[in-house]
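Work through the exercises below with the sequence and the model side by side. Try each task before reading its solution.

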Amino acid sequence: MVKSKRFIFARQFDGPPKESDFQLVEEETPELKDGEILVESLFNSVDPYMRPYTRQLPTGITMIGEGCGRVIESKSSDFPVGTVVMHRYGWCTHAVLDTKNKDPQNIIRKAPADYPKDLPLSLLLGAVGMPGMTAYFGLLKLCEPKEGETVFVNGAAGAVGSLVGQIAKIKGCKAVGSAGTDAKVAWLKEIGFDAAFNYKTVSSLDAALKEAAPKGIDCYFDNVGADFSSTVLNHMNLFGRMSICGSISTYNDNEPAKGPYPFVTILSKQLTVTGFIVTRWIKEWPKGMEQMVQWIKEGKLKYREHVTEGFENMPKAFIGMLVGENTGKAVVKL
């Protein structure tokens, strides 16, 4: 048995999450049964989706989230000691996982056998993991960007948005992004965005979009939602495609956001608007992961990580990510 720590989701969030909403507990892991493995977490992820998902969950459970860890004890021949895995085991230092569980939404995924040794394992939670697959499939499957088109992404300096813009460039498109600090805007231009602006300091979002995308927007990858998206909608071109990935501007709202009805604009511009959860393509993830690794190795795709040291700082990392403290993927190193 091994001493394990985990954060309990102690109380429902009221507005922005607080450290007091979580409780740290220590306990011993149970003895393994046939088919089970004991995983020691190496990196834990903090992601925006955790904030709205908790509304559906009871308190008292381990806080949700994905981790990347190494098998340190095994009663499964398919997962020998030393195997690196990714799983939604939540905010914990150790996890007992049942390898016989074949639920496709909660499957234990192995790190690719040919994963480059010179790439950090934390990328399996970032550019080569769930955020990378979100950018890859959410843009290419739903927006289907064509060479010469304009792709706009908000939250562009985050784990997903920064990859969306670079994939758009790889596909021969004009990439436009928005972020919340001048430093983030500068980084977006460094990694190849054709235009980027600080949405917090522009005098008018409408004017900023006109300047950055004078020919209109063909593909919109939305991470922000609400009023921001209502404005972007007016800049969409005929037959434009919108991929709805998130709505981080509304996650802390206690009441549903109210805004202009978009339906006439969607109708008149004949737009395709699609929301998605990235696990719909889970069977295709190995192909997407292989492509992302290749682009990284070729220098076509650049990444940045915001690494917080220490498991005890999980709540701080989560809270900071929600207010934009990170550039690129936010992870916690144990």
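**Exercise 1. Classify Q105 by its relative accessible area: buried, exposed or partly exposed?**

Solution. This is a predicted model, so the value is computed from predicted coordinates.
- Step 1: take the relative accessible area of Q105, 37%.
- Step 2: apply the cut-offs, where buried is under 20% and exposed is over 50%.
- Step 3: Q105 therefore counts as partly exposed, because 37% lies in between.

**Exercise 2. Place Q105 in the fold and list what Q105 is in contact with beyond four places in sequence.**

Solution. 
- Step 1: locate the loop between β6 (94–98) and β7 (109–110); Q105 is found there.
- Step 2: set aside neighbours within four places, which leaves contacts with R88 and T279.
- Step 3: check the T279 pair. Q105 and T279 are 174 residues apart in sequence, yet their C-alpha atoms are 6.8 Å apart in space.

**Exercise 3. Work out how α2 and α8 pack, and which residues make the contact.**

Solution. 
- Step 1: take helix α2 (residues 130–143) and helix α8 (residues 285–297). Their angle is about 95 degrees and their axes are 10 Å apart.
- Step 2: the range 65 to 115 degrees counts as roughly perpendicular, so α2 is roughly perpendicular to α8.
- Step 3: list the contact. α2 supplies M130, G132, M133, Y136 and F137. α8 supplies W285, K287, G288, M289, Q291, M292 and W295.
- Step 4: sort by class. The contact has eight nonpolar, three polar and one charged residues.

**Exercise 4. Give the strand order of the open six-stranded sheet and name its edge strands.**

Solution. 
- Step 1: read the order, β10-β9-β8-β11-β12-β13, with parallel pairing.
- Step 2: find strands that pair on one side only. These edge strands are β10 (195–198) and β13 (272–275).
- Step 3: neighbouring strands are turned by 15 degrees on average, direction ignored.
- Step 4: β12 (residues 236–244) and β13 pair over four bridges, and S243 stands opposite T274 in β13.

**Exercise 5. Which residues touch the most other members of the largest nonpolar core?**

Solution. 
- Step 1: the core has 53 residues, and L124 and L188 touch the most other members.
- Step 2: α2 gives the largest share, eight residues.
- Step 3: trace L124. Beyond four places in sequence, its contacts include V84, M86, M130 and M289.
- Step 4: note a second, separate core of 18 residues, with V176, A208, A213 and I217 among them.

How values were computed
Residues are numbered from 1 along each chain as its sequence is written. This is a predicted model: local features need pLDDT of at least 70, side-chain atom pairs count only at pLDDT 80 or more; totals for chains, interfaces and linings use all residues. Side-chain values use heavy atoms; hydrogens and water are left out. Helices (H or I, at least four residues) and strands (E, at least two) are DSSP runs, numbered from the N terminus. Buried means under 20% relative accessible area, exposed over 50%, partly exposed in between (1.4 Å probe, protein chains only). Contact means heavy atoms within 4.5 Å. Axes are lines fitted to C-alpha atoms, for helices over the stretch in contact, and angles run from 0 to 180 degrees between N-to-C directions. Angles under 35 degrees count as roughly parallel, over 145 as roughly antiparallel, 65 to 115 as roughly perpendicular and the rest as oblique. Ala, Val, Leu, Ile, Met, Phe, Trp, Tyr, Cys and Pro count as nonpolar, Asp, Glu, Lys and Arg as charged, and the others, Gly among them, as polar. Two strands pair if DSSP finds at least two bridges between them. A nonpolar core is a set of buried Ala, Val, Leu, Ile, Met, Phe, Trp, Tyr and Cys residues joined through side-chain atoms within 4.5 Å.
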